[in-house]
Amino acid sequence: MDAALTEGYGERKNAEQSKCKVMRLPYTYIALIPAYQPTDFLVELACKLASGFSVVLVDDGSGKAYETVFDRCLPYATILHHDANAGKGRALKTGLSYILKSFAPDHIVVTIDADGQHRVDDAAALCRTAEQTPGSLILGCRKLKGDVPLRSRFGNTVTRLIYRLSTGLAVYDTQTGLRAFDMSLIPKLLSIPGERYEYEMNVLLYFARESIPIREQEIKTIYLDNNSASHFDTARDSVRIYKEILKFSASSFIGFMVDYASYSLLLLLTDNLRLSNIAARVISAGVNFTINRRLVFHSRKNLGKAALQYGVLAAVILLGNTLTLEFLVFTCGVHQMFAKILTEILFFVLSWLTQRFVIFKREKRGALH
């Protein structure tokens, strides 16, 4: 969505500047704040940042009711404006595009949420680390101690686990909006898909995939009024964030349906449990390998090498799958159809772990501290 530099929400600069002294220095730090329907806290945040940062504020289509808040930020920030709400990811990209065109390449950028979760001191500390480690993404890591809203604690735990499974990297706070980096990373950040809350998770997935270093630095955990200012939609935005793992689940489900349909048809035609299961596994393995390599893990590994490793995995799983199925049916007396489902669930987990950490493992991963 097009964004325009906002010049005139009103004329209150003198009154605001009397409340907050602004020192205009040749800054090398840039604070980028995406904001949608913010509270008055945004004015205080912009005021505090202005003494040490060039502040770029993106109004993500907040509407006329919030013009006064942005008007009061004018003495401290360059304000970019979306005509309608486009999402946090798009607001960040709007700000990054402006920064790339308007600032010299020696600047350090830090993204800050507008809802009061981040301290200026922590933002400055991350910028200093980014200066010392060029080409790295520095995450402000909240240890989530004390009185933390349940949805925030639960959401971060789930995304932490999913990210670890998807990349092999252990990031404690995947949902932090406080992130610092030098301007060399902006073109990469602009190329990453995502318009809303899923964008920040996509950045972490992309950086892990491309072996761009990711580092964590502890910051203070702050939640104002149980984080009521957040516009995160728990159901809708969680689906966007978790879709990476959902892609693998969908791939495996397609493979399972092919396998189960083949198994059922062959069992009906031959009445041979072992033959039906082996033939069905061979058919579904080819389908699953193709989908996972191209669409789920985006693997760049040599096709022959990956196919050989997958073939070994398929053979091991086939043997284990067959033995487990026969054990459930002939020893435990489980019905053939239900036994097949139980067996597939077990080997779904084993297959996922092996593909993620062995067959389609990244050749090199970003350093994480």
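This is a predicted model: local features need pLDDT of at least 70, side-chain atom pairs count only at pLDDT 80 or more; totals for chains, interfaces and linings use all residues.

**Exercise 1.** Leaving aside its neighbours within four places in sequence, which residues is Glu326 in contact with?

Numbering starts from 1 along each chain as its sequence is written, and side-chain values use heavy atoms, with hydrogens and water left out.

*Solution.* Start with helix α11, residues 303-331, which holds Glu326 (helices are DSSP runs of H or I, at least four residues; strands are runs of E, at least two; both are numbered from the N terminus). Next, apply the contact cut-off, heavy atoms within 4.5 Å. With those neighbours set aside, you get Leu273, Arg274 and Thr331 for Glu326.

**Exercise 2.** Find what the side chain of Ser136 makes a polar contact with.

*Solution.* Go to the loop between α5 (120-132) and β6 (137-142), where Ser136 sits. Then list the contacts of Ser136 beyond four places in sequence: Ala180, Phe181, Asp182, Leu185, Pro213 and Arg215. Now test for polar contacts (a pair of N or O atoms within 3.5 Å; within protein, one must be able to donate a hydrogen and the other to accept it, and residues adjacent in sequence count only if both atoms are side-chain atoms). The side chain of Arg215 is a partner, at 3.5 Å from that of Ser136.
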